[in-house]
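Thanks for coming, everyone. Let me put the structure up and walk you through it.

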Amino acid sequence: MELRDLSDHVEYRAGRGIEEVARELGRDPEEFVKLSSNENPHGPSPKAEAAIRDAASEVHRYPKAVHSDLTDALASKWGVTGEQVWVANGGDGALDYVARAMLDPGDRVLVPTPGFTYYGMSARFHHGDVAEYDIRVAPGTDDSEDFALTADTVLDAYDGERVVYLTSPHNPTGDRFTLDAVERVGDETDDDTLVVVDEAYGEFTDAPSAVSLLDERDDVAVLRTFSKAYGLAGIRLGYAVTPSAWADAYARVQTPFAASAIACRAGLAALEDDEHVDQTVETVAWSRQYVHDELDARTYESHANFVLVEVGDATAVAEAAKRAGVLLRDCSSFGLPEHVRVTCGTREETKRAVEVLTEVLDEVV
Ligand code: PMP
C-alpha cells in the first residue's frame, strides 16, 4: 500500500530530551541542562500542578466538548467573545484547526524561512501547498544581516496564498513584527487571505498583541500557547483567537474533545497565577541580556525566551556543547547552518551555557 509522501516531516520530531541524550552518551541525566526547546526554566505554576492533581480523580469521564470555563477566562483576558477562542491540543493543534477551516486541496500558504516548521507541515496534512518568504533577504538587497521582519519581505513574496503566517516574536531569530506591519500585510493581501500572527512567545515581549486588531478586522487570527511562559509544554494546550465573524466555525473544525480535561483545568489555574508568569518573564529578560553581554559571539536582539547566536559550524558547536552537558538547538534544520539557538534558562543554567559555549567556541572555531 502506498502511503502519502510526508518524508520531509521527520525532522520536526527529532528534538531530543535529556534522557535520550544521556542514554546515548552513557551518562547521568543529572549532568545535562536542556536549553534546546524554549521551555520554561521554572516549570509550571504550583497552582497548575495542584489543578492537575485535582483533575486526576475525574479522568474516567470524558471532558467537555467545549471548555467554556477556560474559553470564557481567555475571552475576558483578551476582550473577545468565548466563540472566538479555539482551544486545542497545543499551539500546533490550533494551527491545524485554522488550516482545516481555511484550506481546500491545493490551496497555498505562505510561511517564513527560516521559521517554525509546523506551519508547512500542518498545511500539507490538510492537502495544501507551501510557499515561503525568506527573512534572510531584506527587500531591495541580496541578504538581510539581521533577519529583520518587515511587511515588504512578506508582501514581495505574496502571490494570493490563502494563509500567511507571521511569527511574532519569531522563532528562531527573536525579532517581531510591528502591528503596523501586520495591518499592512492584511491590507495588501486579498480579502480572503487570512493572516495568522503566531504569538507563542508573546509574553516575553512588551509589544502589544495583535489580538487588539480583531476589533476592526476579520482577516487576522492570533495563536497563543501555554507551552512557554506558562510552563505547560507537556500538557499540550494552546489556542487561536479568531475573527468575530467566524463565531460558529469552531464547532465545525474541532476534534470531538479539543483538549484534555487535565489540560483545561491546568490552563485555567495557570491563568490565575500572574506572579508565576511575571517571574518567568523576569528570569528570561535577565538571561537574554546575560547572553548578549557575556558571549563573545554575534547575538541577535530577541523579544522571546531564546537568543540566536552565530557560531560558525552550528552542528559541531551544538555537538560539543552537548558533550559538555548543555543541549542547544542546532539551527541547521531551520536552514541556518551557522547558528545555534540558546533557550533562556534559570540564571545558573544560562551562566553554564555561556561558559560552555565560550569554551566550545574557542576550541571549535
Ligand atoms: N509557534 C512557534 C513559533 C513555536 O516555536 C511553537 C513551539 N515550538 C509553537 C507555535 C507551538 O507550540 P505548542 O504546540 O507547544 O503550543
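Predicted model: local features only at pLDDT ≥ 70, side-chain atom pairs only at ≥ 80, totals over all residues.

Start with the bigger picture of strands. Strands of a sheet pair through backbone hydrogen bonds, either parallel or antiparallel. Here we have an open sheet of 7 strands. Read the order as β2-β8-β7-β6-β5-β3-β4, with mixed pairing. Where are the edges? They are β2, residues 85–88, and β4, residues 129–134. Each has a single partner strand, so one side of each is left without a neighbour in the sheet. From one strand to the next, the twist averages 25°.

Now look at β7, residues 220–225. Is this strand buried or exposed? 6 of its 6 residues are buried, so β7 is largely enclosed by the rest of the structure. Both faces are covered. On one side sit Val-220, Val-222 and Arg-224. On the other sit Ala-221, Leu-223 and Thr-225. Note that Arg-224 and Thr-225 are on that buried list.

Who are the neighbours of β7? Take β6, residues 194–198: it runs parallel to β7, and 4 bridges join the two. Val-196 has Ala-221 as its bridge partner in β7. Asp-198 has Leu-223. Then there is β8, residues 238–241, which pairs with β7 in the antiparallel sense, over 4 bridges. There, Thr-225 has Gly-238 as its bridge partner in β8.

Two packed helices are described by the angle between their axes and the distance between the axes. The crossing is right-handed. On the α4 side, the contact uses Asp-92, Leu-95, Asp-96 and Ala-99. On the α5 side, we have Tyr-118, Tyr-119, Ser-122, Ala-123 and Phe-125. By class, that contact divides into 6 nonpolar, 1 polar and 2 charged residues.

On to the other sheet. This one is open, with 4 strands in the order β9-β10-β13-β12, and the pairing is antiparallel. Its edge strands are β9, residues 298–299, and β12, residues 329–330. Each pairs on one side only. β9 meets β10, residues 306–310, over 2 bridges. In that pairing, Thr-299 has Val-309 as its bridge partner in β10. Helix α11, residues 314–323, packs on this sheet. α11 touches β12 and β13, and its direction makes about 40° with that of β13.

Last item: α10, residues 274–294, and α12, residues 347–364. Their axes come within 10 Å and cross at roughly 20°. These two helices are therefore roughly parallel to each other. This crossing is right-handed. From α10 come Thr-283, Trp-286, Ser-287, Tyr-290, Val-291 and Glu-294. From α12 come Arg-347, Thr-350 and Val-354. The class count here is 4 nonpolar, 3 polar and 2 charged.

That's the tour. Over to you.

Notes: Residues numbered from 1 in each chain as written. Left-handed = near helix turned anticlockwise from the far one by under 90°. Contact = placed C-beta atoms within 7 Å. Nonpolar A, V, L, I, M, F, W, Y, C, P; charged D, E, K, R; others polar. Buried ≥ 20, exposed ≤ 12 C-beta atoms within 10 Å, placed from the backbone. Pairing = 2+ DSSP bridges. Axes fitted to C-alpha atoms, helices over the stretch in contact; angles between N-to-C directions. Parallel < 35°, antiparallel > 145°, perpendicular 65-115°, else oblique.
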